[in-house]
Amino acid sequence: LAREVVENTTVMVRNIPNKFVQRMFLQVIVDLGFSGCIDLFYLPIDYRTNTNLGYAFINFTSSHMAAVFRAQIDGHRLVPERSSKVLATARARVQGFAPNVASFRNNVIMGKTLTAEHQPIIIDPETGMEVPFPPPTGALRRTRKKAAVDFEALRRRLLVRVGLVVDPGTAEAVVEG
């Protein structure tokens, strides 16, 4: 069986200081010399606080440039911020331009109620200009969210299970001596 070779072109950058907005962080990347090497960029923003979530996804036009970027930015601190955060990179779960566009285009982040600062950016590597994102092909869907855990309820169930609880409602432990 022939296996399709997947190039590592998409990088996840972590530990981005929360005050950076999308354009500001993209400018840092351009200033580092990577203009013309990027075709997709996304810095997720918390809609309530209007601050970034501390990570970004960047797709490079080649796996070589992605590797050069990773080598250059790992361990880098962003100068304008007084943050102790040190940037770290990893291979993104979704790799390549087309799979990233497909992943984002039907996502709720592409809804008309969100501003451009909250949405991924497609960049023409030859001109450096933004290109409109393709329209959704179906209904917009939410991104997978981690399940919320009620730690107190979990603790009560565990105490009941091991027999250390008098009243499961209050989870008061009893230690037999």
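1. Two residues are in contact here when they have heavy atoms within 4.5 Å of each other. On that basis, residues 24 or more positions apart account for 64% of the contacts in the chain with a separation of 6 or more. The structure is a predicted model, in which local features need pLDDT of at least 70 and side-chain atom pairs count only at pLDDT 80 or more, while totals for chains, interfaces and linings use all residues. Residues are numbered from 1 along each chain as its sequence is written, and side-chain values use heavy atoms, with hydrogens and water left out.

2. On the overall layout, the chain holds 4 helices and 8 strands, where helices (H or I, at least four residues) and strands (E, at least two) are DSSP runs numbered from the N terminus. Read along the sequence, these elements follow the pattern β-α-β-β-β-β-α-β-α-β-β-α. Of the 177 residues of the chain, 36% count as buried; buried means under 20% relative accessible area, exposed means over 50%, and partly exposed lies in between, with a 1.4 Å probe and protein chains only.

3. The sheet deserves attention next. Strands of a sheet pair through backbone hydrogen bonds, either parallel or antiparallel; in this note two strands pair if DSSP finds at least two bridges between them. Here 6 strands form an open sheet in the order S6-S1-S5-S2-S7-S8, with antiparallel pairing. Its edge strands are S6 (88-91) and S8 (130-131), each of which pairs on one side only.

4. Helix H2 (residues 63-73) lies across S1, S5 (55-60) and S6, and runs at about 150° to S6. Helix H3 (residues 97-105) lies across S1, S2 (38-42), S5 and S7 (121-123), and runs at about 30° to S2. The axes behind these angles are lines fitted to C-alpha atoms, for helices over the stretch in contact, and the angles run from 0 to 180 degrees between N-to-C directions.

5. The packing of two helices against each other can also be described. The axes of helix H1 (residues 22-34) and H2 come within 11 Å and cross at roughly 105°. H1 and H2 are therefore roughly perpendicular to each other, given that angles of 65 to 115 degrees count as roughly perpendicular, those under 35 as roughly parallel, those over 145 as roughly antiparallel and the rest as oblique. Ile29, Leu32 and Phe34 of H1 make the contact with Met65, Val68, Phe69, Gln72 and Ile73 of H2.

6. Aromatic rings call for a rule before any count: rings of Phe, Tyr and Trp (its six-membered ring) pair if their centres lie within 6.5 Å, and planes under 30 degrees apart count as stacked, over 60 as edge-to-face and the rest as tilted. By this rule the count comes to 6 aromatic pairs. One of them joins phenylalanine 20 and phenylalanine 25 edge-to-face, at 6.4 Å centre to centre with 85° between the planes, and both of these residues are buried. Another is the tilted pair of phenylalanine 60 and phenylalanine 69, at 4.9 Å centre to centre with 40° between the planes. Phenylalanine 60 is buried with a relative accessible area of 1%, and phenylalanine 69 counts as buried at 0% relative accessibility. Ring pairs also link Phe20, Phe25 and Phe41 into a cluster.

7. Threonine 9 sits in the segment before S1 and is buried, with a relative accessible area of 8%. Its side chain makes a polar contact with the side chain of asparagine 59 at 2.8 Å; such a contact is a pair of N or O atoms within 3.5 Å, where within protein one must be able to donate a hydrogen and the other to accept it, and residues adjacent in sequence count only if both atoms are side-chain atoms.
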